[in-house]
Amino acid sequence: MAIIWILISIFLLLVEFMTVKIIYIWYSLSALISLIIAFNNKNFLLQFILFIVLGMVFNVLFRDKLINYLKNKKVIINTDKLIGKECIVTKEIKQFSYGEVKVNKKKWAAYSNDHLKIDSKAIVEKIEGVRLKVRKK
């Protein structure tokens, strides 16, 4: 009986990874709990009822919380930390054309609404792909 619960758990995990509905993962977990129960109690009906009830309880208790946690989690990448930083112009930036700036010891292609000369200081306003938008300091 134990092998059946293992197969059910693996199958439900695969379905969850394919659908990402955060429903089947709870039933996969309840199948693992039923697996533990199967070692102590050979009554399949009890195992099955426990599987269904725990899956529903886990869904009701944890699904919305996990969805909210995953939606609200903003991933901050290293480049986001550049916004607001001071940089030095290494290649002249003419208005609405590309030049180059150095920020955190790395060179970036940059553009600006302002005309910026070499060695002038600027502030990073935003990141667009691999280019920085900067303004005069």
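Which residues line the largest pocket? The close-ups below take up this question and two others. The model is predicted, with local features needing pLDDT of at least 70 and side-chain atom pairs counting only at pLDDT 80 or more, while totals for chains, interfaces and linings use all residues. Residues are numbered from 1 along each chain as its sequence is written, and side-chain values use heavy atoms, leaving out hydrogens and water.

**View 1. The largest pocket and its lining.** Here you meet N78, T79, K81, L82, K85, V103, N104, K106 and W108. They divide into three nonpolar, three polar and three charged residues. The pocket's volume is about 170 Å³. (A pocket is an open set of points on a 1 Å grid where a 1.4 Å probe fits, with protein on both sides within 12 Å along at least five of seven lines; lining residues have an atom within 4 Å of a point.)

**View 2. Strands β2 and β3 form a hairpin.** β2 (residues 98-103) and β3 (residues 106-112) run antiparallel, joined by six bridges. (Strands are DSSP runs of E, at least two residues; two strands pair if DSSP finds at least two bridges between them.) V103 stands opposite K106, and N104 in the two-residue turn has a positive phi of about 55 degrees.

**View 3. S34 in helix α2.** The helix spans residues 24-40 (helices are DSSP runs of H or I, at least four residues). Beyond neighbours within four places in sequence, S34 is in contact (heavy atoms within 4.5 Å) with W5, Q47, L50 and F51.

Definitions and conventions. Grid points are joined across faces, edges and corners, and a volume is the space filled by probe spheres set on the points. Ala, Val, Leu, Ile, Met, Phe, Trp, Tyr, Cys and Pro count as nonpolar, Asp, Glu, Lys and Arg as charged, and the others, Gly among them, as polar.
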